[in-house]
Amino acid sequence: MRSRIFSFLKNPTSTQVITNTLGNYLNVAFTAVFAVLLVRILEPDQYGILSVLLGISYVFANVLEFGTTATIYSTIPNLKGDDKAPLYRFIKSTLFFQSALSISVLIVFTTLFPQIDALFFKTGAPIGDLYLTACSILFFIWQNFLINILFAAKRFFRANLYINLANLIKMIALALMVLYGKTSVGMVIAIFGIVGPLSFFLMMFSRNVSLGGDFWKAPIKKEEFRFGYTMTYFIASQFYNLGIRMDLFLLSFFGMGLQVGYYGLAQKIILTVLATVISVSQVLSPQFSSVKTYEERKALLKKGLLYMTLPFAVFIALILTPAELFTLVFTPKYQEAILVTRYLSAAFALTSYGTIFTLFLLYSVKKPQIILRSNIVLFLVITIGSYVLIPRYQMYGPPIAIFGAFVLAIGMQATWTFKYLIKH
């Protein structure tokens, strides 16, 4: 038994999953430390402005990704070999068109940002801080692009090393800011949105400086962007991202007061645990892109379900966590959040195994339209279900809707997975 466990842990996939999971949670730990530092550095009103502006940066960086993540994972694993020309052509072309689309949107957004802030966000931030926020969006987009390139090439240790070294540099920059008395919202945005990504870029390019000439000589081809595939997945991912947040939005809409705070904490805990699902899926994605035969696909599905037992076990552990430990960490003020956290854990535990079907459909058979349909169902069930259930069950209504939504969406993807598995 012991030899089988050691053999499993020495497996390259196991090593990559462990490396990526530890890297992701180290990044989460840095995020927590940053939050603790910033609430001590900034006044509450300044911290509120910073939260809004950084939130805008992260949301826009995700939206303006335009679904290129799926294209990167579905293409790069199949471009390995001695001839690097196709690889450089794909990377350069995809980066060019993604940047062109993003910059076009950001020019319009930057022009209107002061008016949008005055009408909607109402931060009252200086115009310089608003422009820094717009610049940071572009830097986050480029950083995410390069991270996805490393993950698709199975360079998990290097990607996580660069990410967390950049976090360390940001922490040093924050310390210097405090030391020299330059604390301001604009300085923090510059550190997080410009210094951090620039540090990542320098580490990335210093390691690959010898490839620069060949990369810049590569031609730009419009067909490499794969617009249909990319945009279909982009729309599908937006339905998913919005869907899993509609529960909190609707609780706020119905004026649930303190329950919004309890539910918000529960949701944050769940989204943190989802980092484990993401860690495993990032490792498995390149493998799903490479398999061709029926036997290879079948074996990889079994392998994927085995590795997804890790995040599933984390969700189960969260359900079984003693209330005393929860209140020790989050204080008795948030005791009301314990039960709803357990309900949400039961619902989101389904995503551990459901993600395997998503990876198969997206990368093995390249059918993002099925992901789009299932995510539309997910969005509608969560939204309508929460709208109907909240007046009756309050904050305990949305977990019921989310559980039903995942059952339907995952059921759709599982059905299509087995159809394609048998057919091909």
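A cavity, as I use the word here, is a set of grid points where a 1.4 Å probe fits but cannot get out.

**Entry 1: model confidence.** I noted at the outset that this is a predicted model. I looked up the confidence and found a mean pLDDT of 85 for the protein, with 93% of its residues at 70 or more. Among the elements, I recorded the lowest mean pLDDT, 61, for helix α1 (residues 2-10). The highest, 94, belongs to helix α17 (residues 368-393).

Entry 2: I searched the whole structure for cavities of 30 Å³ or more, and the search returned 1. I then read the volume of the largest cavity, which holds about 40 Å³ of space. Which residues line the largest cavity? I listed L318, T321, F326, I338, T341 and R342. Helix α16 (residues 337-364) contributes the most to this lining, with 3 residues.

**Entry 3: surface.** I next turned to a nonpolar patch on the surface, formed by F157, L161, L165, L168, I172, L176, L179 and Y180. Together these residues have about 820 Å² of accessible area. I classed I172 as partly exposed because its relative accessible area is 46%, a value between the limits of 20% and 50%.

**Entry 4: patch to cavity lining.** I checked the separation of L176, from the patch, and R342, from the cavity lining. Their C-alpha atoms are 41 Å apart, and 166 residues separate them along the chain.

How values were computed. Residues are numbered from 1 along each chain as its sequence is written. This is a predicted model: local features need pLDDT of at least 70, side-chain atom pairs count only at pLDDT 80 or more; totals for chains, interfaces and linings use all residues. Side-chain values use heavy atoms; hydrogens and water are left out. Patches are made of residues with over 30% relative accessible area and no salt bridge: like charges are joined within 9 Å, nonpolar side chains (Val, Leu, Ile, Met, Phe, Trp, Tyr) within 5 Å. Accessible areas come from the Shrake-Rupley method with a 1.4 Å probe; for residues, only the protein chains shown count as cover. A salt bridge is a side-chain nitrogen of Lys or Arg within 4 Å of a carboxyl oxygen of Asp or Glu. Buried means under 20% relative accessible area, exposed over 50%, partly exposed in between (1.4 Å probe, protein chains only). pLDDT is the predictor's confidence in each residue, from 0 to 100. Helices (H or I, at least four residues) and strands (E, at least two) are DSSP runs, numbered from the N terminus. On a 1 Å grid over the protein atoms alone, a cavity is a set of points where a 1.4 Å probe fits but cannot get out, and a pocket is an open set with protein on both sides within 12 Å along at least five of seven lines; lining residues have an atom within 4 Å of a point. Grid points are joined across faces, edges and corners, and a volume is the space filled by probe spheres set on the points.
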